[in-house]
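Please walk through this protein with me, from model confidence to sheet to surface. Keep the coordinates open as you read.

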Amino acid sequence: MDSSLQNDPDIAALEQAAAAQRRKKLLIIGGVLLIIPLYWAMGFSSVRASLAEEGYTDLKVSPSGPFDWTFEGKKGASTCSGHVTRLPFSTSKTTFCYSIDASGRASGSLGTSH
C-alpha cells in the first residue's frame, strides 16, 4: 500500500468503523449464545419451583429436550410423573398420578394445564 494512503485519516476512520461494526456483531452473537443456556437453566429451576409450589415432593426433574422436562415425584399419597414444556411465552404440563389404597385398589388421575 502506498505510504500516503496508510496515513490517510479517512481510511483510518473507515477501518475503525469496520472494526467497531465487527465488535458489535460479535457481542450480539455472544449475547444470544449466552442467553440460550441461561434461559434453559432458569427454566429448569422454574419448573422445579412451580412443581414444589403445587405440592409435589421427592421431585426428580430431568431435561427431555431444549424446552421440555420430565418429572417424577409424590403429591400426598399419590405417585406422580409428567411432562412440562416451557416456551418463552407459555408453559404446559401433563401429569399422571396414581395411588394404591390399603385394600390394593389402584386409582389414578390424568391432568393437563396450560
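This is a predicted model, and the mean pLDDT of the protein is 85. Of its residues, 95% reach 70 or more. Helix α1, residues 3–6, has the lowest mean pLDDT among the elements, at 66. Strand β2, residues 68–75, has the highest, at 92. Where pLDDT is low, the predicted coordinates should not be read in detail.

Now turn to the sheet. Five strands form an open sheet in the order β1-β2-β3-β4-β5, and the pairing is antiparallel. The edges belong to β1 (57–63) and β5 (106–113). Each of these two has a single partner strand, so one side of each lacks a neighbour in the sheet. On average, neighbouring strands are turned by 15° against each other, with direction ignored. Strands of a sheet pair through backbone hydrogen bonds, either parallel or antiparallel.

β1 and β2 run antiparallel and are joined by five bridges. Ser 62 has Thr 70 in β2 as its bridge partner. Lys 60 stands opposite Glu 72, also in β2. The two strands make a hairpin, with four residues between β1 and β2.

Move on to the next pair. β2 also pairs with β3, residues 78–87, in the antiparallel sense. Eight bridges link β2 and β3. Lys 75 faces Ser 78 of β3 across this pairing. Here too the strands form a hairpin, with two residues between β2 and β3. Gly 76 lies in that turn and has a positive phi of about 65°.

Next, the surface. Which residues form a nonpolar patch there? They are Phe 96, Tyr 98, Ile 100 and Leu 110. Together they have about 440 Å² of accessible area. Strand β4, residues 90–100, gives the largest share of the patch, with three residues. In a regular strand the side chains alternate between the two faces of the sheet.

Methods:
Residues are numbered from 1 along each chain as its sequence is written. This is a predicted model: local features need pLDDT of at least 70, side-chain atom pairs count only at pLDDT 80 or more; totals for chains, interfaces and linings use all residues. Side-chain values use heavy atoms; hydrogens and water are left out. pLDDT is the predictor's confidence in each residue, from 0 to 100. Patches are made of residues with over 30% relative accessible area and no salt bridge: like charges are joined within 9 Å, nonpolar side chains (Val, Leu, Ile, Met, Phe, Trp, Tyr) within 5 Å. Accessible areas come from the Shrake-Rupley method with a 1.4 Å probe; for residues, only the protein chains shown count as cover. A salt bridge is a side-chain nitrogen of Lys or Arg within 4 Å of a carboxyl oxygen of Asp or Glu. Two strands pair if DSSP finds at least two bridges between them. Axes are lines fitted to C-alpha atoms, for helices over the stretch in contact, and angles run from 0 to 180 degrees between N-to-C directions.
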